[in-house]
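Let's take a walk through this model together, starting with a pair of helices and ending with the backbone. Keep the structure viewer open as you read.

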Amino acid sequence: MKDLKKQERTALEAVARQFSATWEKGSDPPDACFMVAGKRVAVDIATLPRRGTGQGSAATVKPRLRFDKVVARLMERLHATLGENVPDGMTVLLTVTAPIRLPAKTAASLEDKIQARLGRGSPGRDEPDREEKDTIYGNRVRIRLLRDKPAPGPKMIGFVHNPDSDPLLLFDMTRELLEIVSAEAGRRAPRQAGDRWLVVIAAREISCLEAYRYIYSQLRLATDFQKILMVFADDRVGILTG
């Protein structure tokens, strides 16, 4: 039976309050078991590895993403044109500041820049993630090639954000979530009746929940979890999916 840490107990208590549930330690796996509305739920716990600090105090500011029609068309085009060119085991992370006033020209320029970046080769396993930044038609752009560890990720994840958001924060959050969720998805638990939930402990504020949800939707990872919950630094609980 797993010896739960204080932080894990606090997180489980926060989730129990959210769902008016009771809980007890599990047999590892699962880490704990909840009784929710008369149903038994197996719960695994994971702590999100916090990477970087962002730029100054911006790390605690809500990452303001944009999801308008121009953004959707831009991302659809980039996914379509770059999907076959990104090597397996590699993910292109892209941030662009809004508003995008020349979407067709911006997309074409981004395609060329990313293709050129891929042509210079991918980082080795022990190398840091490579990154470059530029300004395209008035929009600040950052591109990072991410070697997927421990499991393969998507070919590209793109963010269009307000100018006051920190793109490095978005990159760090993506790496955090990819590592922990893919690792937990690969951890096989014994088959048992009832649902299986994952509780993720995050050191960041709940203002990051929307960005985490978007990142998770882009990862497209197959998991056995019916629900994934995040417990943030102030013990507030957010539903990532499910």
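## How two helices cross

Helix α2 passes helix α3 in a right-handed crossing; as a caution before going further, this is a predicted model. Two packed helices are described by the angle between their axes and by the distance between those axes. Here α2 covers residues 69-82 and α3 covers residues 103-119, and they pack at an angle of about 35 degrees with axes 10 Å apart.

Which residues meet where α2 and α3 pack? On the α2 side they are Val 70, Leu 74, Arg 77, Leu 78, Thr 81 and Leu 82. Their counterparts in α3 are Pro 103, Ala 104, Ala 107, Ala 108, Leu 110, Glu 111, Ile 114 and Gln 115. Sorted by class, this contact of α2 with α3 has 10 nonpolar, two polar and two charged residues.

## The nonpolar cores

The largest nonpolar core has 33 residues, and those with the most contacts inside it are Leu 48, Leu 177, Tyr 212 and Met 230. The elements giving two or more residues to this core are β7 (156-161), α4 (167-185), β8 (195-201), α5 (209-219) and β9 (227-231). Helix α4 provides the largest share, nine residues.

Leaving aside neighbours within four places in sequence, Tyr 212 is in contact with Leu 48, Met 173, Glu 176, Leu 177, Arg 204, Met 230, Phe 232 and Leu 240.

## A closer look at Leu 178

Is Leu 178 buried or exposed? Leu 178 counts as buried because its relative accessibility is 2%, and the cut-off for buried is under 20%. This residue lies in helix α4. The C-alpha atoms of Leu 178 and Leu 48 are separated by 9.8 Å, although the two residues are 130 apart along the chain.

## The chain as a whole

The chain holds five helices and 10 strands. Of its 242 residues, 48% are buried. Among contacts between residues at least 6 apart in sequence, 74% join residues at least 24 apart. The chain exposes about 11700 Å², with carbon and sulfur atoms supplying 48% of that area.

## Backbone details in the loops

Some backbone values may interest you if you plan to look at torsions. Where does the cis peptide bond sit? It joins Ala 98 and Pro 99, with omega at about 0 degrees. Pro 99 is found in the loop between β4 (90-97) and α3.

Ser 20, though not a glycine, has a positive phi, near 50 degrees. Its place is in the loop between α1 (6-18) and β1 (22-25). With a relative accessible area of 68%, Ser 20 is exposed. Ala 37 has a positive phi of about 50 degrees and is not a glycine either. This alanine is placed in the loop between β2 (32-36) and β3 (39-47). Ala 37 counts as exposed because its relative accessibility is 76%, and the cut-off for exposed is over 50%.

Terms used: Residues are numbered from 1 along each chain as its sequence is written. This is a predicted model: local features need pLDDT of at least 70, side-chain atom pairs count only at pLDDT 80 or more; totals for chains, interfaces and linings use all residues. Side-chain values use heavy atoms; hydrogens and water are left out. Axes are lines fitted to C-alpha atoms, for helices over the stretch in contact, and angles run from 0 to 180 degrees between N-to-C directions. Helices (H or I, at least four residues) and strands (E, at least two) are DSSP runs, numbered from the N terminus. A crossing is left-handed if the near helix is turned anticlockwise from the far one by less than a right angle, and right-handed if clockwise. Contact means heavy atoms within 4.5 Å. Ala, Val, Leu, Ile, Met, Phe, Trp, Tyr, Cys and Pro count as nonpolar, Asp, Glu, Lys and Arg as charged, and the others, Gly among them, as polar. A nonpolar core is a set of buried Ala, Val, Leu, Ile, Met, Phe, Trp, Tyr and Cys residues joined through side-chain atoms within 4.5 Å. Buried means under 20% relative accessible area, exposed over 50%, partly exposed in between (1.4 Å probe, protein chains only). Accessible areas come from the Shrake-Rupley method with a 1.4 Å probe; for residues, only the protein chains shown count as cover.
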